[in-house]
Amino acid sequence: MDSKFLTRKFRYKITAAILVAVFVIGLIVLLATDSELFHLIGTQLGVKILFFMLWASLVYTTASFIYDTIMIKQARREYKELEYKLYSDISSGIANRYYCDIIIDKYVDEKLPSDVSCAILSISNIQEINEKYGRKTGTKVIVEFSKMLVSASKDICFVGRNSGNQFLAIFEHTGPEKVKEFGRKLETLVKEHNEDPSVPEIRYVSGIAENRKEKTDSIIKLIALADDRALDSQLEDIILV
């Protein structure tokens with residue numbers, strides 16, 4: 001059972017409820033306008049029994065609809081919670097490696113479009129932070145950086161924790177202006193963070209590979225290029241984004 005199935009089931013229930021409502025309204029109108037039928041219900045035992053059985057069925061259908069709607073909403077909520085736990089990194093809340101693989105797998109068996117770009121980012125001074133402030137603070141810094149990435153990537157790209165201190169951003173159906181926009185937003189957020197003297201400074205490095213330039217047919221190769229450039233920038237201690 002997935003989210004799409006639950007959504008389809010919920011729509012089916014809504015359609016059924018509308019049909020029942022139309023039927024009930026039609027029945028009320030019929031009773032209000034047909035005095036002979038109204039008289040039969042009041043005088044004929046068989047008609048009266050049939051009428052009350054009909055109303056009992058409507059009440060049961062309505063009660064079932066309300067119950068099913070509550071159960072479907074609860075199932076959807078539980079599914080979203082499970083999905084969040086399955087696809088999110090435990091410590092930072094950002095998309096995890098498993099979710100990164102799902103995005104990557106979309107392009108594994110097909111030629112990579114030219115409007116796909118990848119970026120690899122990492123906190124270059126995380127070891128320094130761990131040694132100076134302890135691993136607990138280091139974890140908090142990773143969480144904070146993850147939040148910055150999520151904020152900077154909103155409506156722009158997918159971003160997830162690739163492994164350890166490394167993050168992966170995948171830009172789909174976007175041009176170079178979106179890649180630059182992501183970079184500017186992230187740089188601003190990190191700068192604002194570093195203006196607070198009470199928290200450790202964050203320094204990060206990144207590498208970008210845009211398929212419009214690289215013209216590779218594999219997303220794995222594109223990610224590898226971004227990874228190599230991130231490593232080079234770390235060695236040179238510069239920020240490319």
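First, the ground rules. This is a predicted model, where local features need pLDDT of at least 70 and side-chain atom pairs count only at pLDDT 80 or more, while totals for chains, interfaces and linings use all residues. Residues are numbered from 1 along each chain as its sequence is written, and side-chain values use heavy atoms, with hydrogens and water left out.

The overall fold, then. The chain has 9 helices and 4 strands. Here helices (H or I, at least four residues) and strands (E, at least two) are DSSP runs, numbered from the N terminus. Along the sequence the pattern reads α-α-α-α-β-α-α-β-β-α-β-α-α. Of the 241 residues in the chain, 36% are buried. Buried means under 20% relative accessible area, exposed means over 50%, and partly exposed is in between, with a 1.4 Å probe and protein chains only. Contact means heavy atoms within 4.5 Å. Among contacts between residues at least 6 apart in sequence, 68% join residues at least 24 apart.

Next, the sheet. In what order do the 4 strands of the open sheet stand? The order is 2-3-1-4, and the pairing is antiparallel. Two strands pair if DSSP finds at least two bridges between them. Strand 2 (158-163) and strand 4 stand at the edges with a single partner strand each, so one side of each has no neighbour in the sheet. On average, neighbouring strands are turned by 20° against each other, direction ignored. Strand 1 and strand 3 run antiparallel and are joined by 6 bridges. Ala119 stands opposite Ala169 in strand 3. Helix 7 lies across strand 1, strand 3 and strand 4, and runs at about 175° to strand 4. For such angles, axes are lines fitted to C-alpha atoms, for helices over the stretch in contact, and the angles run from 0 to 180 degrees between N-to-C directions.

Now the cores. In soluble globular proteins, nonpolar side chains tend to be buried together. A nonpolar core here is a set of buried Ala, Val, Leu, Ile, Met, Phe, Trp, Tyr and Cys residues joined through side-chain atoms within 4.5 Å. The largest one has 25 residues, and those with the most contacts inside it are Leu121, Phe145, Leu149, Ala169, Phe171, Phe182 and Leu186. The elements that give two or more residues to this core are strand 1 (117-123), helix 5 (126-133), helix 6 (135-153), strand 3 (166-171), helix 7 and strand 4 (204-210). Helix 6 gives the largest share, 6 residues. A second, separate core of 18 residues includes Ile103, Val116, Leu168 and Leu222.

Is Ser146 buried or exposed? Ser146 is buried, at 1% relative accessible area. Its side chain reaches the backbone oxygen of Ile142 at 2.7 Å. Leaving aside neighbours within four places in sequence, Ser146 is in contact with Ser92, Ile94 and Phe167.

On to charges. A salt bridge is a side-chain nitrogen of Lys or Arg within 4 Å of a carboxyl oxygen of Asp or Glu, and by this rule the count is 10. One of them joins Glu181 to Lys185, with the closest N and O atoms 3.3 Å apart. Both residues lie in helix 7 (residues 176-194), 4 residues apart, about one turn of the helix. Glu181 is partly exposed at 22%, and Lys185 is partly exposed at 33%. Arg212 bridges to Glu210 at 3.2 Å; Arg212 is partly exposed at 38%, whereas Glu210 is buried at 11%. Glu201 and Arg203 form a salt bridge at 3.7 Å, and Glu128, Glu201 and Arg203 are linked in a network of salt bridges.

Last, the backbone. Most residues other than glycine have a negative phi. Asp155 has a positive phi of about 65°; this residue is in the loop between helix 6 and strand 2 and is exposed at 71% relative accessibility. His173 also has a positive phi, of about 55°. His173 lies in the loop between strand 3 and helix 7 and is exposed at 58%.

That is the tour; I will take questions.

Key:
Polar contact = N/O pair within 3.5 Å; in protein donor to acceptor, adjacent residues only side chain to side chain.
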